[in-house]
Amino acid sequence: MGMAAGAQTAPKRPQLVVGIMVEGLNDDYLSLLGDYFTEGGFRRLMRDGATLSHLDYGPGVDAAAATAIVFTGAAPSVNGIPSAKIYDDKAKKGVSVMLDPATMGNFTDETYSPSAILVSTLGDEVRLDAAGTGWVYSVAPEPTQAIVMAGHAGNSAIWINNTKGTWATTTHYKDVPRAISARNYSRPLAAVLDTMVWTPLLAPTLYPDVPDYKKQYPFRHSFPRKDIDRYERFNASAKANTEVTAVAREYLSTMQFGERGPVDMLNLAYTLAPYPYTRDADNRMETLDSYLRLDRELASLFATIDKKVGAGNALIFLAGFPAQNTGPRDDEKWGVPSGEFSPRKAMSLLNMYLMALHGNGDWVSGYFNRNFYLNSRLIKEHNLDAAAVRAEAAEFLTRMSGVSSVHTIDDIIAARAGDNAQALKRNTSVSHSGDVIVNITPGWVIVDDDNTPDGVAPAVARDAYIPSAAFIMGPGVKPQIIDTPVDARTIAPTISRLLRIRSPNSASLPALRL
């Protein structure tokens, strides 16, 4: 029988898919810098792919949570990854959500695995599609993103170890690519880092919307051997993006990605987040420079992909997500309202209040990342109703200076917390959440917070909305712009549909029709 009238032949199935996560990608900066970009980077994505100008993750996501949403098609309440760090009640501090003492580190003392991811990922489904013959590799400066992108079944996930500067992995993954071993032994980052300098790519006068004084005294960032935080500084800089691209291109050049029959996957993580190690609160020139440099990194990456599988034959998706708040607050001379919120002081006062109500004891067991954890054992010993004690704690914290709102975990589960209660419920992992969660007044800073990296000023609380963009480019995707909000959970089923593989098992939203 002949083909039915009007029927269309499905595009050739891509044999290589490249997933890219970009922290801090802001659609406004893409518009501002449009004339500065090369033809092969961001312009190519906007010209040849589908542009999603408003990718919605819901509230309170960091790099780990955003990456997990994109790669599982599910929110943290389902996928189990609410943030890069979670509170460990025994250690009384934040630990990596990927911490797994049952594994061993490779080129690192860190012991991580993907066991915290409760569902399947895009990487898992690529592996399962061809009974494990498809490859899934990931490269990121930071371990949680690398592990989420590789999934449970991936071949390899590598990241930069923050104490040694080596490319590291975990024994959960069985493959340490030859290119990584060679880099670590023959040209390790530790050997060259103190010679690296990050200065503006262009003449300082060419950067748009930057104050004149910044142009007269442009930034210069180095990573000297004597600086104990130099790997953290490097990972937060545009130089880390260059290192990720170099590894990715080496993978593509030395391995048979996209040439063997099954679908192969290479996943990368970049940062455009405001650089937190600047001398003052204004890091606009560093941010603009990071965009320009990443544009050129993408152009070189895409050219390598074209050479590998032919122009237009790979499926490429790039998803931006909001950056975490960084940088010091504005100088007091400008009169912008501000203050300091001390979790330690708040814990002490809350404990005294609960002791006045219920008797002596350590009623507050810990604090981490705006979450207060109550002593469940003590509450049980006193035959108290836990929800009632949480409500008492919330009512007390609401009256503290610098606190704009307080929610109990009961409020969040019942979807009666905040302006977008359903989204907050989706993005809360009950097993990791505190009993009471506070929001800090915009302009205030959280001091003596163990979650703040060394050498970084306490972050200023901000509620300003920042739009994130995403791009999908490859066979079967028509160039178009989607201006309406798109739920970030739709990326995984959309990529699965284009690859003609199963969606991750918790991806409950329909695929976009591109």
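This is a predicted model: local features need pLDDT of at least 70, side-chain atom pairs count only at pLDDT 80 or more; totals for chains, interfaces and linings use all residues.
Reader: Got it. And how much of the protein is buried?
Author: Of the 514 residues, 55% are buried.

Reader: What about the overall dimensions, what box do the C-alpha atoms fill?
Author: Along the principal axes, the box is roughly 80 × 65 × 45 Å. The radius of gyration is 24 Å, which agrees with a compact globule of 514 residues, because such a globule would have a value near 24 Å.

Reader: How many helices and strands are there?
Author: The protein has 18 helices and 22 strands. Looking at contacts with a separation of 6 or more, 71% are between residues 24 or more positions apart.

Reader: Now the inside. How many residues does the largest nonpolar core have?
Author: That core has 60 residues, and I20, L25, Y251 and I305 have the most contacts inside it. Helix 12, residues 284-309, gives the most to this core, with ten residues.

Reader: You mentioned I20, what is it in contact with?
Author: Leaving aside neighbours within four places in sequence, I20 contacts L268, Y270, L298, L301, F302, I316, F317, L318 and A319. There's also another core, lying apart from the largest one, with 58 residues, including A50 and I86.

Reader: Switching topic: where is A64, and is it buried or exposed?
Author: A64 sits in helix 3, residues 63-72. A64 has a relative accessible area of 1%, so it counts as buried.

Reader: Which residues does A64 touch, then?
Author: Not counting residues up to four places away in sequence, A64 touches I81, S83, A84 and T144.

Reader: And how far is A64 from A314?
Author: They are 250 residues apart in sequence, and their C-alpha atoms are 25 Å apart in space.

Reader: What's up with the phi of A131?
Author: Phi of A131 is near 55°, a positive value in a residue other than glycine. A131 is in the loop between helix 5 (122-129) and strand 7 (136-139).

Reader: Why does A131 count as exposed?
Author: Because its relative accessibility is 74%, and exposed means over 50%.

Reader: What about R370, what is its phi?
Author: R370 has a positive phi too, near 75°. R370 lies in the loop between strand 15 (364-368) and strand 16 (371-374). With a relative accessible area of 26%, R370 is partly exposed.

Definitions and conventions: Residues are numbered from 1 along each chain as its sequence is written. Side-chain values use heavy atoms; hydrogens and water are left out. Helices (H or I, at least four residues) and strands (E, at least two) are DSSP runs, numbered from the N terminus. The radius of gyration is taken over C-alpha atoms; the globule rule is 2.2 Å times the number of residues to the power 0.38. Buried means under 20% relative accessible area, exposed over 50%, partly exposed in between (1.4 Å probe, protein chains only). Contact means heavy atoms within 4.5 Å. A nonpolar core is a set of buried Ala, Val, Leu, Ile, Met, Phe, Trp, Tyr and Cys residues joined through side-chain atoms within 4.5 Å.
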